[in-house]
Amino acid sequence: MIYGNTFIQCTLIQRSTHLILTSAIWGSIIYLLLSISKNKYNFSCWDCNERSNIKSWVVVGIIAIVSIIITTILWGGLKPIKEFYSNGIVIWLFKNVYYLFEVGLILLTIVFGQRYGEIKFVSNNCNYIYFIIYINLLIIVKIIYLMYKGVNYIGRILIFNLFESKEDRNEFTKSIKGE
């Protein structure tokens, strides 16, 4: 919700402002992370001595194709084209810049997670990123769950207090419990 409206209900200016500000914040975070890693820890994401083998690229290609197929089915067409027709060129462009920064943050999570695992466990033979992503997803899911429970609990208390009689409160409690 932005300004009490869903993203679609917002004006073009509001949606554009939201996408620009979010992209600018994420871009600043990406720049800050890259600068700190280079200057403070002497680690550059761009210095890579290893090349990926063909098997890895085939797996990446298969995952990309499956992802595109699933997204196309869920959206009822290619997502970029559907978004272009539903949002117009301005929002479509801003959303793609937004997606670019979002992908940048995800890639940095992968790169720094892998580097952390290599440093912490003193081994370059293991893909620590699977563990890091798993932990991140657990944390994110738990935060979302707790936020939902908190908002849901507060909402129930507010609604519960709207009822004045004990009989109404009992009826409301039974409806929540599904009795």
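The questions below take a few descriptions and ask what stands behind each.

Biologist: What kind of model is this, and how many helices and strands does the protein have?

Modeller: The model is predicted. The protein has 5 helices and 0 strands, and from the N terminus on the elements run α-α-α-α-α.

Biologist: How do you know that the span of helix H2 agrees with its number of residues?

Modeller: Helix H2 covers residues 54-75, which is 22 residues. The expected span is 1.5 Å times one less than that number, so H2 should span 32 Å, and its end C-alpha atoms are 31 Å apart, which agrees. Just after H2, Gly76 takes a positive phi of about 70°.

Biologist: Why are H1 and H3 called roughly parallel?

Modeller: The axes of H1 (residues 12-39) and H3 (residues 79-121) cross at roughly 25°. Angles under 35 degrees count as roughly parallel, and therefore H1 and H3 are given that description. Their axes come within 9 Å, and the crossing is left-handed.

Biologist: What makes up the contact of H1 with H3?

Modeller: The residues of that contact divide into 17 nonpolar, 7 polar and 3 charged.

Biologist: Why is the pair of Trp26 and Tyr98 called tilted?

Modeller: A search of the whole structure finds 5 aromatic pairs, and Trp26 with Tyr98 is one of them. Their ring centres are 5.0 Å apart, within the 6.5 Å that a pair requires. Their planes stand at 35°; stacked would need under 30 degrees and edge-to-face over 60, so the pair is tilted.

Biologist: What does this pair tie together?

Modeller: Trp26 lies in H1 and Tyr98 in H3, so the pair ties together parts that are 72 residues apart in sequence. Trp26, Tyr98 and Tyr99 form one aromatic cluster.

Biologist: How do you know whether Tyr98 is buried or exposed?

Modeller: Tyr98 has 18% relative accessibility. Buried means under 20%, so Tyr98 counts as buried. Buried residues make up 16% of the 179 residues in the protein.

Biologist: Is Asn42 buried or exposed, and what makes it so?

Modeller: The relative accessibility of Asn42 is 67%. Exposed means over 50%, so Asn42 counts as exposed. Asn42 is found in the loop between H1 and H2.

Biologist: What is the phi of Asn42?

Modeller: Asn42 has a positive phi of about 55°, although it is not a glycine. Most residues other than glycine have a negative phi.

How values were computed:
Residues numbered from 1 in each chain as written. Predicted model: local features only at pLDDT ≥ 70, side-chain atom pairs only at ≥ 80, totals over all residues. Heavy atoms only, no water. Helix = DSSP H or I, 4+ residues; strand = E, 2+ residues; numbered from the N terminus. Axes fitted to C-alpha atoms, helices over the stretch in contact; angles between N-to-C directions. Parallel < 35°, antiparallel > 145°, perpendicular 65-115°, else oblique. Left-handed = near helix turned anticlockwise from the far one by under 90°. Nonpolar A, V, L, I, M, F, W, Y, C, P; charged D, E, K, R; others polar. Phe/Tyr/Trp six-rings, centres within 6.5 Å; stacked < 30°, edge-to-face > 60°. Buried < 20%, exposed > 50% of the residue type's maximum accessible area, 1.4 Å probe, protein only.
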